[in-house]
Amino acid sequence: MRPPGRRGVPTAPPALLLLLLPPLLVPLLGAPRGVGAGPGAPAELRVRVRLPDGQVTEESLQADSDADSISLELRKPDGTLVSFTADFKKDVKIFRALILGELEKGQSQFQALCFVTRLHHNEIIPSEAMAKLRQKNPRAVRQAEEVRGLEHLHMDIAVNFSQGGLLSPHLRNVCAEAVDTIYTRREDVRFWLEQGVDSSVFEALPEASEQVHLSRCGQVGDGGKPCVCRYGLSLAWYPCMLKYCHSRDRPTPYKCGIRSCRKNYSFDFSVPQRQLCLWDEDP
């Protein structure tokens, strides 16, 4: 489909058109939903993305414009399943990691972690725009145009799973495997409390008051001792901004594409036992 207004882009040579309209085309105006999706159904897009280590994986992006939410999911080469949910209605974003356990070390089949933080609406494109994304070549490997800086987050509050629906209706589904390992930050809690979220959603971590005195788990030899665990994850490719084009035929700029980003996150949180953080081997 020819993007609306493309004919009116003035004096743009073909090379520039490719920059304005990358292989992942919108069009963002009037595009149909995904194949087989009925009215109101979440739209899904599957893209092949290049990870920071050079390996390629498939990423699933879903957008529900009725619920005003976006979800992203990818599997890392080590088998870890990473998901990200943006709830625009509640100003909440949820990161979840399902980490495969090492059975030879006595670990369970997998360990689940959830990190919940405040969503700022300029971090990612709106759900309505995401629902209309299309790509011309599904086999193309996408690489982020912009690498955003590492965000280091100190998680010092636990989220009460049984009350989590008061914070976001997505939390109980996304974090169902992480009932006892849902973490957030004190500064985000203050914001949500001001928005009317009930305080019963949040609980102080038993080790939080001692966290400044605890060692990193990678420095603790005793598997039964409390320590500060660090977990890092990366959103390798996501639509972070809308692109706008100009035309002689239109008085104002119009949506004509997206800009893609990659962002890394590092989460610090206390655990009651070193053996709950066996991936953290950093000195």
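The exercises below go from strands to cores and cavities, each with a worked solution.

This is a predicted model, in which local features need pLDDT of at least 70 and side-chain atom pairs count only at pLDDT 80 or more, while totals for chains, interfaces and linings use all residues. Residues are numbered from 1 along each chain as its sequence is written, and side-chain values use heavy atoms, with hydrogens and water left out.

**Exercise 1. Find the partners of strand 1 and describe its two faces.**

Step 1. Select residues 43-50, which make up strand 1; strands (E, at least two residues) and helices (H or I, at least four) are DSSP runs, numbered from the N terminus.

Step 2. Look for pairing, which requires that DSSP finds at least two bridges between two strands. Strand 2 (residues 56-64) pairs with strand 1 in the antiparallel sense over 8 bridges, and strand 7 (residues 141-142) runs parallel to strand 1, joined by 2 bridges.

Step 3. Follow Arg 48: Glu 58 stands opposite in strand 2, and Val 141 is the bridge partner of Arg 48 in strand 7.

Step 4. Compare the faces. In a regular strand, side chains alternate between the two faces of the sheet. In strand 1, Ala 43, Leu 45, Val 47 and Val 49 form the covered face, while Glu 44, Arg 46, Arg 48 and Arg 50 form the uncovered one.

Step 5. Check the hairpin of strands 1 and 2: there are 5 residues between the strands, and Gly 54 takes a positive phi near 95°.

**Exercise 2. Explain why strand 5 is described as largely enclosed.**

Step 1. Count the buried residues (under 20% relative accessible area; exposed is over 50%, partly exposed in between; 1.4 Å probe, protein chains only). In strand 5 (residues 92-100), 8 of the 9 residues are buried, so the strand is largely enclosed by the rest of the structure.

Step 2. Pick out residue pairs: Ala 86 has Lys 93 as its bridge partner in strand 5, and Phe 95 stands opposite Phe 115 in strand 6.

Step 3. Inspect the turn between strands 4 and 5, which holds 4 residues, including Asp 91 with a positive phi of about 55°.

**Exercise 3. Which residues have the most contacts inside the largest nonpolar core?**

Step 1. Define the set: buried Ala, Val, Leu, Ile, Met, Phe, Trp, Tyr and Cys residues joined through side-chain atoms within 4.5 Å.

Step 2. The largest such core has 51 residues, and Phe 115 and Phe 269 have the most contacts inside it. Strand 12 gives the largest share of this core, 10 residues.

Step 3. Look for a separate core: a second one of 22 residues includes Leu 81, Leu 98, Phe 191 and Val 197.

**Exercise 4. What lines the largest cavity?**

Step 1. Searching the whole structure gives 4 cavities of 30 Å³ or more, and the largest cavity holds about 50 Å³ of space.

Step 2. Its lining consists of Phe 84, Leu 119, Glu 123, Ile 124, Leu 235, Tyr 238 and Tyr 265.

Terms used. On a 1 Å grid over the protein atoms alone, a cavity is a set of points where a 1.4 Å probe fits but cannot get out, and a pocket is an open set with protein on both sides within 12 Å along at least five of seven lines; lining residues have an atom within 4 Å of a point. Grid points are joined across faces, edges and corners, and a volume is the space filled by probe spheres set on the points.
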